[in-house]
Amino acid sequence: MKAAQITKYSKQFKVEVRDIPVPEITDYEVLVKVKAAAVNHLELLIATGSVKLIQDYEFPLTLGNELTGIVEKIGKNVTGFQVGDAVYSRLPLQKIGAFAEYAAIHADAIASLPGNLDFVTGAAAPLTGLTAYQSLHEELTPKAGESLFIPGGSGSFGQMAIPIAKSMGLKVIVSGSPTAQERTMAAGADQYINYTTENYWERLRDLDYVIDTLGPSEFDHELSIIKPGGHLLSLRTGPNKRFAKTMGLPGWKQKLFHIAGAKYDHKAKKKKIEYHFVFVRSDGEQLRKITKIIEENRIVPAVDPTEFHIEDINEALNLVATGHPKGKVIIRF
C-alpha cells in the first residue's frame, strides 16, 4: 500500500510516498480502508519534532491524525463494528498513520460516520470535534448561564464548539472575518465581532471563559477580558505544568513544561485566572456523542476545494503551513 512517511524530525522535513505492507491488526483493532484523511497543523508539529516531549515516534513514521474509511477486517475481541461499516477516527496519538491506503486502528478510537457527512467532509470532523468536546466537558466544565468567547472561532473549531457550548447553556461570543458571520450566527453564536473593524478587547469585559485558537500573540488581550476566577484555555499558545500533570507525563517532563509555561501561568495568576492548554486525544465514545451533535445540528465542516491525493502530500502540507485554505485540507484516496 502507499503511505506518506518521514524518516526523521526536521524543520525542513520532506514527506516521501512509499510502498509498505498493509498493517496487521491486533485482537482489539480494526483494519480500515482509508477514503479520506485531513491535513492539520498537528502534522507540521509532529514532523518538525515540536511535540516529541509529548509523544516521541519511531521512524519511518506514517503521518496523519484523522480519517474516514470502510472497515475491512475486525480483530477477534472487537464488538460493535462489522466489515463494510463507514467510520471516522482521530487516531490514537501513539499510533497515527492516516496518510496511507490502510490503517490499523484500536476499536476504542473509531465511531460510525455521521449520516449527514460523506467521506470527505467526515474526515474534517473528528479532531476538531474531540478538541471542542474535551475543552468544554473536561478542561473547563462551565455552568449554564456563563459566558464563553472564542477569538478566531469562525473556522472548523468554532463550527463544532458553538453547538456544544450552546447545549451546555453558555452565552457564546465569537470573533472572525465578515464572510463567516452569517454561518457562525446560524451555528448558534449569540454575538459576533468582525475582527477587521473591531478589537474584541475593547468590546468585551468580565467573561468567564476564553478558548484561544490564535496563539501567543493574543494572550495578553485574552487575559484582559476575563473576570478574576475565570479560565483561559489555549489550543495554540503552549503547554504548562498543569497540562503535563493531566497527561500523566513523568516528573522530568513536568519540570520542563513547568519552565516552558511559567510566563503564561505567572501572567494568568496575577489576574487570578487559570491557564489551561489542551492536546486532543482519541476517544470513540466521545466521538459517538459528537456524531449525534453533528447530525442534530446538520453540521457540515468546511473543506478546501483543492483536490489532493497522496502523491500531493507535500503540496497539501504546504497549503496548511503557509496558505489560506478555505476549510480543512483533505487527502482523497
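1. E138, R281 and D283 are linked in a network of salt bridges (a salt bridge being a side-chain nitrogen of Lys or Arg within 4 Å of a carboxyl oxygen of Asp or Glu). The model is predicted: local features need pLDDT of at least 70, side-chain atom pairs count only at pLDDT 80 or more, and totals for chains, interfaces and linings use all residues. Residues are numbered from 1 along each chain as its sequence is written, and side-chain values use heavy atoms, with hydrogens and water left out.

2. R281 lies in the loop between β14 (274-277) and α11, and E138 in helix α3 (residues 126-140), so the pair ties together parts that are 143 residues apart in sequence. Helices (H or I, at least four residues) and strands (E, at least two) are DSSP runs, numbered from the N terminus. R281 is partly exposed at 37% relative accessibility, and E138 is partly exposed at 38%; buried means under 20% relative accessible area, exposed over 50%, and partly exposed in between (1.4 Å probe, protein chains only).

3. The whole structure contains 11 salt bridges. One of them joins K2 and E311, with 2.8 Å between the closest N and O atoms. K2 lies in strand β1 and E311 in the loop between α11 (284-297) and α12 (313-322), so this pair ties together parts that are 309 residues apart in sequence. K2 has a relative accessible area of 32% and is partly exposed; E311, at 46%, also counts as partly exposed.

4. Strand β1 (residues 2-6) pairs with β4 in the antiparallel sense over two bridges, and Q5 stands opposite T62 in β4. The open sheet has three strands in the order β2-β1-β4, with antiparallel pairing; strands pair if DSSP finds at least two bridges between them. Its edge strands, β2 (16-19) and β4 (61-62), each pair on one side only.

5. T213 lies in the loop between β12 (207-212) and α7 (219-224) and is buried, with a relative accessible area of 11%. Its side chain reaches the backbone oxygen of P151 at 2.8 Å, and a polar atom of that side chain lies 3.3 Å from the backbone oxygen of G152. Beyond neighbours within four places in sequence, T213 contacts (heavy atoms within 4.5 Å) residues including I150, F157, L235 and R236.

6. E198 and R203 meet through their side chains in a salt bridge at 2.3 Å, N to O. E198 is partly exposed at 26% relative accessible area, and R203 is partly exposed at 41%.

Key: Polar contact = N/O pair within 3.5 Å; in protein donor to acceptor, adjacent residues only side chain to side chain.
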